[in-house]
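Dear colleague,

Below is the structure I am handing over to you. My notes on what was found in it follow.

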Amino acid sequence: MNLSRTARAALVLGLGVVYVPLGVVVLNSFNSDRTFGWPPPGFTFQWWGAAWRSTGVRDALWTSVQAGLGATAIALVLGTMAAFAVQRYRFFGRDTVSLLIVLPIALPGIVTGIALSNTFHSVLGVPLGLFTVIVGHATFCVVTVYNNVLARLRRAGLNMEEASADLGADTFTTFRLVTFPMMRSALLAGGLLAFALSFDEIIVTTFTAGAGVRTLPIWIFENLFRPNQAPVVNVVAAALVIVSVVPIYLAQRLSGGDPQTR
């Protein structure tokens with residue numbers, strides 16, 4: 001069905017509202033004018049070099065990578081186990097469990113952040129730091145893995161596994177040679193999305209990081225209103241845009257294929 005002219009115009013307008021400002025951020029990261037005069041009088045890689053030489057940026061980047069990898073690892077384990085339990089078994093409260101797993105990503109980040117901060121500080125007595133950031137990020141990263149794995153299990157069915165069992169394979173062999181290869185692209189797609197969500201998160205991080213723990217979004221927020229850091233902040237923001245696009249694009253490509261061909 002062809003789109004009408006009105007629908008096309010609305011589509012272009014909607015995409016423009018989202019992506020034109022992002023394009024301006026990327027373009028300004030090469031702007032030779034320190035105050036980001038428009039149109040740019042020239043282009044330079046000076047600010048990218050300054051950002052790379054900044055120890056604050058490098059430390060924040062490494063912290064974000066650690067938090068993202070940790071949250072992704074937890075999400076892959078818990079999300080996969082939950083998806084198998086909900087899809088393969090029937091038990092009382094099954095739909096409620098599924099709702100509770102998905103709920104954290106629908107809650108406002110500030111609510112999740114406050115709840116986690118109070119739990120860590122008042123109930124558990126755990127000092128805030130990188131570990132609490134990883135746990136906080138994992139609460140919503142689990143959802144992306146869970147949804148991807150659940151969708152793949154529903155599409156794949158049980159025929160291949162039953163055939164493997166009929167041919168004499170035990171449970172572990174069936175999982176290793178049949179189930180896991182069918183799930184591989186869904187796990188990778190869910191993991192990439194989980195890492196992208198964790199890498200960009202700022203609200204939950206603000207309430208769970210504690211003193212001395214700065215992820216890249218936190219670093220941007222802290223330096224946003226410092227005039228001497230404006231060009232570097234712009235470069236880091238542009239880099240975040242570029243880095244975020246890659247895992248989301250790969251996840252979209254991986255999750256769009258037929259599970260039988262992967």
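**Thr205 and its surroundings**

The side chains of Thr205 and His137 are joined by a polar contact of 2.7 Å. (A polar contact is a pair of N or O atoms within 3.5 Å; within protein, one must be able to donate a hydrogen and the other to accept it, and residues adjacent in sequence count only if both atoms are side-chain atoms.) Please keep in mind that this is a predicted model, in which local features need pLDDT of at least 70 and side-chain atom pairs count only at pLDDT 80 or more, while totals for chains, interfaces and linings use all residues. Residues are numbered from 1 along each chain as its sequence is written, and side-chain values use heavy atoms, with hydrogens and water left out.

Thr205 belongs to helix H9 (residues 203-208); helices (H or I, at least four residues) and strands (E, at least two) are DSSP runs, numbered from the N terminus. Thr205 counts as buried because its relative accessibility is 0%. Here buried means under 20% relative accessible area, exposed over 50%, and partly exposed in between, with a 1.4 Å probe and protein chains only. Leaving aside residues up to four places away in sequence, Thr205 touches Val133, His137, Thr215 and Ile218, where contact means heavy atoms within 4.5 Å.

**The chain as a whole**

The chain has eleven helices and zero strands. Of its 262 residues, 38% count as buried. The C-alpha trace spans about 70 × 60 × 35 Å along its principal axes. Among contacts with a separation of 6 or more, 71% come from residues 24 or more positions apart.

**Helix H6 and its two partners**

Two packed helices are described by the angle between their axes and the distance between the axes. Axes are lines fitted to C-alpha atoms, for helices over the stretch in contact, and angles run from 0 to 180 degrees between N-to-C directions.

Helix H6 (residues 130-156) and helix H8 (residues 171-200) have axes that come within 8 Å and cross at roughly 160°. H6 is therefore roughly antiparallel to H8. (Angles under 35 degrees count as roughly parallel, over 145 as roughly antiparallel, 65 to 115 as roughly perpendicular and the rest as oblique.) The crossing of H6 and H8 is right-handed; a crossing is left-handed if the near helix is turned anticlockwise from the far one by less than a right angle, and right-handed if clockwise. On the H6 side the contact includes His137, Phe140, Asn148 and Arg152, and on the H8 side Met182, Leu187, Gly190 and Leu197 are among the residues met. The residues of this contact divide into 14 nonpolar, seven polar and one charged. In this classification Ala, Val, Leu, Ile, Met, Phe, Trp, Tyr, Cys and Pro count as nonpolar, Asp, Glu, Lys and Arg as charged, and the others, Gly among them, as polar.

The axes of helix H4 (residues 94-106) and H6 come within 7 Å and cross at roughly 125°, which means that H4 is oblique to H6. H4 passes H6 in a left-handed crossing. From H4, Ser98, Ile101, Val102, Pro104 and Ile105 take part; they meet Thr139, Phe140, Val142, Val143, Thr144, Tyr146 and Asn147 in H6. The contact of H4 with H6 has eight nonpolar, four polar and no charged residues.

**Helix H10 and Asn223**

H10 is mostly covered, with six of its eight residues buried. These are Leu216, Pro217, Ile218, Trp219, Ile220 and Asn223. Asn223 is found in H10 (residues 216-223) and has a relative accessible area of 4%, so it is buried. The Asn223 side chain reaches the backbone oxygen of Trp219 at 2.8 Å. Asn223 also touches Gln229 and Val233, not counting residues up to four places away in sequence.

**Sequence distance and spatial distance**

Gly210 lies in the loop between H9 and H10 and is partly exposed, because its relative accessibility is 31%. Met81 lies in helix H3 (residues 55-88) and is exposed, with a relative accessible area of 56%. Met81 and Val17 are 64 residues apart along the chain, and their C-alpha atoms are separated by 39 Å. Met160, in helix H7 (residues 159-166), counts as partly exposed at 42% relative accessibility. Met160 and Thr112 are 48 residues apart in sequence and 40 Å apart in space, C-alpha to C-alpha.

Regards
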